[in-house]
Structure formats: structure tokens, C-alpha cells
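Have the viewer open as you read.

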Amino acid sequence: MASHRRPKQSSPRYTGVLTVTAAAAVALSTQAASADPLPDPNKKGVQAQVDRLYEQATQATEKYNGAKEKADALKEQVRTLQDTTARKQGELNELRDRIGTLAAGQYRSGGLDPALQLFLSEDPDTYLEKATALDRAGERQTAVLQEFLSEQRVLQQQRSEASGKLRDLDSVQKELRNRKTEIQGKLREAQRLLNTLSAKERARIAEAEDRANRASERVDLGNEASASGRAAAAFAAAKSRVGMPYVWGASGPASFDCSGLTSWAFRQAGVTIPRTSQAQAGVGARINSLSDLRPGDLILMRSDLSHVGFYAGNGQILHAPKPGAQVRYESIARSGMPFMWGVRIG
């Protein structure tokens with residue numbers, strides 16, 4: 001039976017990380033020592049409310065991640081279209097210069113061809129509709145004019161497409177701002193509720209969170225050898241991140257949210273998977289039973305598929321669970337999130 005031992009984290013950027021609840025407890029410990037009041041019966045539901053707010057924050061985080069992924073793709077499309085449009089404009093400028101040279105030559109030789117007069121008018125797009133005028137032009141200049149008008153239509157289409165992408169990007173960026181505001185609001189409300197607790201109650205919550213994080217040092221994972229291929233490599237990468245903090249919207253290497261951990265780990269194995277848990281639910285081979293899972297399989301949690309982690313063996317999930325927590329192993333049965341299905345990649 002394999003027993004996991006978390007590697008020592010010597011970097012000072014990690015040792016300074018405190019959970020939200022632990023930080024609150026440390027802040028209270030600086031106050032003058034005094035007897036803690038008896039627990040207030042009205043505070044019994046505070047932890048449940050905080051947990052619910054954290055769950056809502058993680059759900060909003062996955063929506064934020066999806067919008068950010070879409071925004072990044074739109075930015076790349078807009079950049080490509082703008083580059084293509086700039087090149088196309090350069091080609092049109094060259095064609096215009098060639099047409100101008102033709103016109104200048106004809107003018108010097110005794111007059112401007114009616115076809116070129118038509119082209120140089122305010123509405124050159126009507127040129128091709130006037131076949132009689134086109135017939136007057138020589139074969140060479142006709143080809144140039146046709147090429148110009150064709151390229152001009154392509155340019156207009158590309159500019160229209162770029163404008164549409166920019167409007168889409170503006171809409172997605174608005175959604176990003178809204179999701180960010182929602183997440184930050186949930187976390188502020190959770191902190192406000194924690195601030196209503198006594199020092200003793202807050203210390204108790206911080207201690208419980210610390211125990212959950214430290215449990216990763218001695219978790220029994222059973223037979224990890226059943227992991228194979230790219231999934232095994234991704235799982236190994238994820239195991240190296242145990243102890244790193246949960247940060248919403250983060251995808252490594254020093255902090256993660258749930259789907260940020262899984263997508264980062266697979267990148268280390270040379271595999272690109274979608275950024276969000278909902279999208280990750282649809283890749284690879286679906287595994288419906290917990291008993292059929294192998295270490296390295298992705299496991300989807302909650303009915304809205306808003307949480308994802310790695311199956312670690314022996315009924316354990318390796319994941320970035322929530323705000324204020326660290327990347328850790330945890331019993332699936334005790335995670336408080338229902339298992340939906342697994343995904344096997346590679």
C-alpha cells in the first residue's frame with residue numbers, strides 16, 4: 001500500500017501563504033488576551049453559510065474561466081483578422097498604384113480610357129456591372145481592375161468580420177467583469193461572516209482547515225501503479241503541487257483553482273485539455289462508476305459539473321477544493337460534493 005508524503009516546500013513564496021480562515025485567526029491572536037465568550041447559538045450556521053459562499057464562488061470561478069478562455073480566443077482571432085486586413089490593404093494600395101500608372105500613361109497618350117474613367121469615379125464598385133465599359137478596356141488593365149475590385153470586396157468582408165469579433169469580445173469582457181465582481185462579493189461576504197465569530201470559534205475553523213491540509217502528508221492511496229500513459233504523467237505533475245494555495249482563476253504553477261490544476265497538470269504531460277470543469281467533463285472516455293476509476297482519471301463533482309480533480313486511488317481525490325484551502329488529497333465521500341462521473345484521457 002502506497003503512503004503519500006508531501007515533499008518539503010522550501011521556497012519562501014509558499015511558506016508565507018495563509019488560508020483566509022487561518023489569517024483571520026492570526027489577526028485575532030494579536031488582540032489582548034481575554035476569556036472567549038460562550039458560543040452564540042445564532043452562530044451555529046455561520047460555517048455552513050461560509051461553505052455555501054465558497055461553493056458559489058467556485059461555481060462563479062468556472063464561469064469566469066469559461067469567459068476568459070473565450071475572450072482569449074476572440075483576442076487571437078481579432079489580432080489575426082487585423083493583421084490580414086493590414087496586409088490586404090497593402091496589396092490594394094499596390095494595385096491602386098498600378099492602375100494609376102495605367103491611367104497616367106493613357107492620359108499622356110491622348111486621353112483617359114472610359115473604363116479607367118469609370119474606375120476612378122466615386123463609385124468604382126459599379127464598374128463590373130457595366131460590361132460595355134469593361135469591354136473598352138484592354139485585356140491587361142481589365143485583369144488589374146477585376147483583381148482590385150475582388151480584393152476590395154474581400155477586404156470589406158474581413159473588416160466586417162473583425163468588427164463583429166470586437167463586439168463579441170466587448171460582450172465577453174463585460175461578462176468577465178461581472179463574474180469577477182460576483183466572486184469577490186462572495187468572498188467578502190464569507191469573510192464578513194467569519195468576522196462575526198469569536199476568536200475561539202475562528203481558531204477552531206482554522207485548525208480544522210489546517211488538519212485537512214496536513215492530512216495529505218499521510219494519505220494512503222493504495223495501488224497507484226494502475227495509472228498509465230499521459231494520465232499518469234499528468235497525475236504525477238498534480239501530486240507535485242500538493243500544498244499550493246487555491247486562488248480563483250489561477251492555473252499554476254504556484255496557485256490553482258480546480259480546473260486550473262487539472263489543465264496545468266495535463267499540459268505538463270504534453271496534452272491540452274479545455275480550461276473549465278464543464279468542458280473537461282466531455283473529453284476522453286467517460287467512467288460512470290467510482291469502482292472503475294484508476295489513479296489519474298479526472299473526476300467531476302456536483303450536478304452542475306463545477307468541480308474537477310484527479311482520482312488518486314483508495315477513494316481519494318487530489319484537487320484544489322475551495323478558497324482558503326490548499327491543493328490536497330481528500331476523501332471523496334467526505335468532500336461534501338456528489339460524484340458525477342470520471343473521464344479517462346490517454
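Predicted model: local features only at pLDDT ≥ 70, side-chain atom pairs only at ≥ 80, totals over all residues.

Residues are numbered from 1 along each chain as its sequence is written, and side-chain values use heavy atoms, with hydrogens and water left out.

First, the overview. The protein chain has 10 helices and 8 strands; these are DSSP runs numbered from the N terminus, H or I of at least four residues for helices and E of at least two for strands. Of its 346 residues, 44% are buried, where buried means under 20% relative accessible area, exposed over 50% and partly exposed in between, with a 1.4 Å probe and protein chains only. Among contacts (heavy atoms within 4.5 Å) with a separation of 6 or more, 71% link residues 24 or more positions apart.

Now the helix pair. The axes of α8 and α9 come within 7 Å and cross at roughly 120 degrees. Those axes are lines fitted to C-alpha atoms, for helices over the stretch in contact, with angles running from 0 to 180 degrees between N-to-C directions. The two helices are therefore oblique to each other, given that under 35 degrees counts as roughly parallel, over 145 as roughly antiparallel, 65 to 115 as roughly perpendicular and the rest as oblique. On the α8 side the contact uses Arg230, Ala231, Ala234, Ala237 and Ala238, and on the α9 side Leu261, Trp264, Ala265, Phe266 and Gln268.

How enclosed is α9? With 9 of its 11 residues buried, α9 is largely enclosed by the rest of the structure. The buried ones run through Cys258, Ser259, Gly260, Leu261, Thr262, Ser263, Trp264, Ala265 and Phe266. Just after α9, glycine 270 adopts a positive phi of about 80 degrees.

On to the core. The largest nonpolar core holds 31 residues, and Phe266, Leu298, Phe310 and Leu318 touch the most other members. A nonpolar core here is a set of buried Ala, Val, Leu, Ile, Met, Phe, Trp, Tyr and Cys residues joined through side-chain atoms within 4.5 Å. Elements giving two or more residues to this core are α8 (229–239), α9 (258–268), β4 (298–301), β5 (307–313) and β8 (339–344), with α9 supplying the largest share, 5 residues. Beyond four places in sequence, leucine 298 contacts a list of residues including Thr262, Phe266, Phe310 and Trp341.

| Residue | Relative accessibility | Class |
|---|---|---|
| Glutamate 330 | 17% | buried |
| Glutamine 316 | 13% | buried |
| Proline 338 | 45% | partly exposed |

Glutamate 330 sits in strand β7 (residues 328–331), and glutamine 316 in strand β6 (residues 316–319). Setting aside neighbours within four places, glutamate 330 contacts Gly315, Gln316, Ile317, His319, Pro321 and Ser335. Glutamine 316 also has its C-alpha atom 4.5 Å from that of serine 331, 15 residues away along the chain.

Proline 338 belongs to the loop between β7 and β8. What does proline 338 touch, not counting residues up to four places away in sequence? Leu300, Met301 and Arg302 are its partners, and the C-alpha atoms of proline 338 and arginine 302 are separated by 5.2 Å despite being 36 residues apart along the chain.
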